[in-house]
Amino acid sequence: MNPLLRKLLGPRQTQYFVVNHHFIIQATSAQVQHYADTPGDAIPGADARISFPELIGIENILMSIIMGRLPGFEIKGIARFADPNRPLYFDMLAIKYEEEEEEDVPNKLLILIEDTTEKMVMKQSLIQSANEANLLVSALAASKDYIDKVIRSMGDALLVTTTLGTIKTINQSAQWLFGYSEAELIGNPLSLILLEDTLIYQARHRYILSQKELRRELEIVCTTKAGEEIWVEFSCSAIQTELEGLYDFIYIGRDITERKQQEIEIRGSLAKEQELRQVKSRFFSMIAHEFGNPLSTVLFATKILQDYGDEITHAEKQQYLQHVKSASQQMAQLLEDVRLLSSAEAGKLEFYPAPVDLKNFCSELVESIKISYGKNHTINFIYQELVTPAKQNDTDSQETQNLPALDAKLLRHILTNLLSNAVKYSPMDSHIYFELNCENNEEAIFKIKDAGIGIPIEDQEQLFESYYRAKNVGKIPGTGLGLSIVKQCVELHRGQIEFSSETGLGTTFIVKIPFYQHR
């Protein structure tokens with residue numbers, strides 16, 4: 001029990017003195033002097049008002065008590081400060097005092113003194129404590145109001161969660177950012193707004209287990225109530241709760257979606273710039289190589305004809321002229337390929353579908369390839385017959401109406417490149433298979449298969465890039481433009497091209513081109 005309470009509830013310390021109707025002290029208890037205003041004056045025969053000035057001014061009240069008109073009168077909280085460090089407090093109670101043995105003697109007044117020092121000190125202490133508590137409560141309320149105003153005015157989203165990740169507190173900015181109301185977020189897991197919560201989970205549990213500092217910048221993809229994905233940069237911190245070892249976690253998030261988009265755009269631009277530099281490098285390397293050989297041939301042949309024209313035979317002259325012609329044609333074809341690819345990449349390559357007799361077209365193309373490239377190879381052309389409507393008319397115009405419409409010029413680029421590549425990268429006396437299938441009346445399927453050097457797996461992903469050549473081509477001439485042109489021409493037909501290849505075992509290209517019915 002509190003010592004002050006124990007003393008307060010213990011036996012009361014009471015002193016007294018008796019005065020007559022003239023307020024002269026008649027008798028006193030032993031300790032009355034302790035309570036007198038002037039110690040030593042509270043003695044029998046002395047005026048009580050000298051030692052207890054509190055009686056001055058209430059004489060009429062005291063006389064009324066002596067005469068029996070009032071039962072008593074109490075004065076509370078009288079203080080003495082003789083010792084500033086040890087104040088004295090007491091109460092005085094005045095009641096009528098009658099002596100039974102002396103009937104004719106006027107009544108007297110009994111004044112009781114109760115020491116209330118400890119009670120008053122305790123009361124003052126309690127009042128002081130209450131005042132301090134009130135000040136503390138006011139300070140806490142002001143501090144809470146200040147913090148609430150700071151949180152409400154924050155431009156960044158604030159979320160407070162339990163150790164398990166359950167949301168306890170949010171601010172208005174968090175509601176605006178994620179599109180949820182306070183009621184929809186509080187009590188729900190933080191994963192409600194996180195597309196992937198692994199980083200947050202790891203950071204939280206790493207702190208719990210090892211007390212390592214939380215990461216300050218966590219860039220996480222979040223999702224809003226509307227399903228929109230946004231990038232948020234979180235700063236995390238932990239605070240100890242009232243329970244030892246139990247933490248709450250504070251997350252302050254800032255929307256960085258625009259910044260991330262800019263970063264992605266910059267990375268894309270840098271990647272594109274790097275790709276363009278690589279293309280440019282390959283282009284100049286190709287030009288230097290592919291133009292260098294034919295130019296050297298032209299220069300050498302013209303030098304011979306100029307310096308030794310009178311000494312060589314007519315047949316030799318024709319041979320050198322043929323070398324010049326072949327080299328010139330090679331350079332012209334190279335320039336045509338560059339022009340065609342440039343037009344395709346700029347979106348200026350024109351597409352003019354017209355009726356094409358695919359069987360005759362492919363047969364003629366195969367013969368042309370044999371003459372130009374395939375003297376030492378066997379090209380096997382296989383044709384799956386096109387199923388035409390049962391009712392046929394003999395007129396040329398009606399026969400034309402039943403033919404599929406394709407762009408013959410672009411189709412020639414496609415097939416010439418694929419067939420010439422098959423010949424160029426295949427060993428001497430090997431077989432090349434060229435199959436045309438039009439059985440479904442909806443699309444033409446061209447399949448070209450060779451038994452050549454094949455395409456390494458690491459080169460297959462970049463095979464259709466401009467100026468790109470596989471690493472195993474060695475000294476076989478080529479520009480790296482052919483397959484890029486093929487892909488552009490196929491896409492203009494809204495078709496598809498695919499291939500399969502294995503190094504040393506050959507390559508198979510399949511081109512699917514839908515029919516455009518001629519009207």
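Q: How are helices and strands defined here, and where does aspartate 429 lie among them?

A: Helices (H or I, at least four residues) and strands (E, at least two) are DSSP runs, numbered from the N terminus. Aspartate 429 is found in the loop between helix 12 (408-424) and strand 14 (431-437). The model is a predicted one, in which local features need pLDDT of at least 70, side-chain atom pairs count only at pLDDT 80 or more, and totals for chains, interfaces and linings use all residues. Residues are numbered from 1 along each chain as its sequence is written, and side-chain values use heavy atoms, with hydrogens and water left out.

Q: What is the phi of aspartate 429?

A: Most residues other than glycine have a negative phi. In aspartate 429, which is not a glycine, phi is positive, near 65 degrees. Phenylalanine 23, also not a glycine, has a positive phi of about 65 degrees, and its place is the loop between strand 1 (14-19) and strand 2 (25-28).

Q: Is aspartate 429 buried or exposed?

A: Buried means under 20% relative accessible area, exposed over 50%, and partly exposed in between (1.4 Å probe, protein chains only). Aspartate 429 counts as exposed because its relative accessibility is 63%, whereas phenylalanine 23, at 6%, is buried.

Q: Which residues does threonine 116 touch?

A: Contact means heavy atoms within 4.5 Å. Leaving aside residues up to four places away in sequence, threonine 116 touches Tyr89, Phe90 and Asp91. Threonine 116 sits in the loop between strand 5 (108-115) and helix 4 (117-153), and it counts as buried because its relative accessibility is 3%.
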